[in-house]
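Please keep the structure open beside them and look for each element as it is named.

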Amino acid sequence: MTDLSKYRNIGIFAHVDAGKTTTTERILKLTGKIHKLGEVHDGAATTDFMEQEQERGITIQSAATTCFWPGSEQQWDAHRFNIIDTPGHVDFTVEVYRSLKVLDGGIGVFCGSGGVEPQSETNWRYANDSEVARLIYVNKLDRIGADFYKVVEQVKNILGANPLVMVLPIGTESNLKGVVDLLTRTAWVWDDSGDPMAYEKKEVPADMVDKVEEYRAMLIETAVEQDDEAMEAYLEGNEPDLATIKKCIRKGTINLDFFPTYCGSSFKNKGVQNVLDGVVDYLPSPTEVKPQPEVNAEGEETGEFAIVDVDKPLRALAFKIMDDKYGALTFTRIYSGKITKGTSVLNTFTGKTERIGRIIEMHADERNEVESAQAGDIVALLGMKSVQTGHTLCDPAHPATLEPMVFPEPVISIAIKPKDQGNAEKMGTAIGKMVAEDPTFIVETDEDSGETILKGMGELHLDIKVDILKRTYGVEAIIGKPQVAYREGITKTVSDSYTHKKQSGGSGQYAKIDYTLEPLEPGSGFEFESKVVGGNVPREFWPAVEKGFKASTEKGVLAGYPCLDFKVTLDDGGFHAVDSSAVAFEIAAKAAYRQTMPKAGAEILEPIMKLDVFCTDDKMGDVIGDLNRRRGMIKTQEPTSNGGIRIKADAPLSEMFGYIGALRTMTSGRGQFSMEFSHYASTPRNVADQVIKEAQEREAAKKK
């Protein structure tokens, strides 16, 4: 039986270009998983195996791999690391979110010169939500403008986190020689050969002794707060032994009280071993994290948990589907029990049992087939037919559902149509596979025009989907202009009445409702309440009224966009003993919606994006002027450590198409930006009129 205390399920996450994939390559080299290093800028990184990743030098989908680490001094039995390398680009944050959901620990990588960048904040927030223990690794200290101490301050101020500094850098920028391990007061110095194993352990450099003692005292003071006995001894002047200090750091890390912080340069092979030792020393094994809660059909917690134990009934979560030449791979985290090749498991979402064809350990896109897997493992299953992201697989004799994943709504769409009938079939099959892989990629068919609409998280997201359609699946298609996902809302509270009467031979239809529509806070959704007393509208018809209004929200009265954030209160009404029915009340509610929405000050809402722009000091005026022209609201401007300015703003998505090109032109190629959806807000009159006009033109074109 495998010893679960020697397992570490970890993810590596960071902002674009902080060096996640390079760090993963170094880990694979040090653990003996690969023998030749592949570099991201050469398109040769192990975990970036998609063509699109190799060309663009970014990670698009998370990749899983397994390796073993016996310690930098071979001081332990080998510990098994299941590692997931995640994307940094904001359009692919769903990959980070769903990876963190199934991991026990993580390494947050920060660029030594860029510091805490916008995507770092989003990923950190996801990790906080998932309560994942983390190490911090400040990478790229060999870069010009790199400053370890400044990044540590940013982690405190911007992320509100408590970094526990474990090592200090020796030298900086091109003079980076190595690191000092504070606990053992040992300097690790690498030579310039680039060999990660070519290091010596030395005395602390004379000019660093005071700084090392200062940071070491802070480290131990913070650590001993986790243990009353150690704290008392320390206050009496007795420093606890190394094992006790490590035990305290481990406890505080797992409790998320602080985050052990390392530094180095992955590209120059300096400092990565210390991080790997830290993973073993301080990140939790599968048995040390809070067990996953089980939920009922409504998604409410039942009070039961999937305890990490091989002898308990099977509980596993499918967190990613990937289609490749061998068929659909279902990436699965096993929380309890075990699975064996050829056995059947129950998918509680579909209610169907499925037979496990093959069980595979992944190493990026290579695979190693195994006979069985158990609690704590992350494996890929072959042969699952109807399993999707977020589905629970369990023992058919002991059914249970794990807490599912919630994904953000897409904010941008494009129309696509195949060039000819031959491509139509290929496109249908390809899109089906892509939708199964990515829960934030949604495909709809416009019933009137027959057009296929692709919806995604941003321009890059849809760009890459179209690229995959063309290259991977060989689909030739015509692509429409990007469209914004507008919404509609109301601004006034209105009370109204509607009577539905229909008499035409046989039994008639009758329903009368008195109701109030009122706007709600953004993000509230649709609410319904009945205040009817005395049976004027019998209780059995209330759900029909709610259903009629709720179904109507799919189409607003101004431009046909879904309607958000309002409440319907059923105040009173009337019914007929023979002619009233649930159908009559549902029809009345739908007609009432169309009648009253215009009176309630219906308005068009547009998606507002949270924007983070980096530019050089001398170009700040141009960039801010351009954002103002795009109806952007500037929130903050902060100088960065590498001589630039970071501008945070809110701007409407409709004004941001093609922004990267404009920004590069303004900043001579040095500007960078990222954006993510923030909220919906009302549009100015002229924009709303244009949106309504375009919607009317589309409707007219469909009728022709």
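Predicted model: local features only at pLDDT ≥ 70, side-chain atom pairs only at ≥ 80, totals over all residues.

1. Helices (H or I, at least four residues) and strands (E, at least two) are DSSP runs, numbered from the N terminus, while axes are lines fitted to C-alpha atoms, for helices over the stretch in contact, with angles from 0 to 180 degrees between N-to-C directions.

2. Residues are numbered from 1 along each chain as its sequence is written, and side-chain values use heavy atoms, with hydrogens and water left out.

3. Two strands pair if DSSP finds at least two bridges between them; β31 and β32 (residues 509–519) pair in the antiparallel sense over 9 bridges, with Tyr498 opposite Ile513 in β32.

4. Which residues are in contact with Asp496, leaving aside its neighbours within four places in sequence? Asp496, which is found in strand β31, is in contact (heavy atoms within 4.5 Å) with Ile513, Asp514, Tyr515, Gln595, Thr596 and Lys599. Polar contacts (pairs of N or O atoms within 3.5 Å; within protein, one must be able to donate a hydrogen and the other to accept it, and residues adjacent in sequence count only if both atoms are side-chain atoms) join its side chain to that of Gln595 at 3.1 Å and to that of Lys599 at 2.7 Å. Asp496 counts as buried because its relative accessibility is 16%, where buried means under 20% relative accessible area, exposed over 50%, and partly exposed in between (1.4 Å probe, protein chains only).

5. Helix α6 (residues 209–224) has 16 residues and reaches 22 Å from its first C-alpha to its last, close to the 22 Å expected at 1.5 Å a residue; the expected span is 1.5 Å times one less than the number of residues. The buried residues of α6 are Val212, Tyr215, Arg216, Leu219, Ile220, Ala223 and Val224. They are on the same side of α6 because they cover an arc of only 160° around the axis, the arc being that of the directions from the helix axis to the C-beta atoms. Among the elements that cover these residues are α5 (148–159), α7 (228–235) and α8 (242–254).

6. In helix α15 (residues 659–666), Tyr659, Leu663 and Met666 are buried. Seen down the axis of α15, its buried residues fall within an arc of 65°, so they line one face of the helix. Their cover includes β35 (603–616), α14 (620–629) and β38 (672–682). After α15 comes Ser668, whose phi is positive, near 55°.
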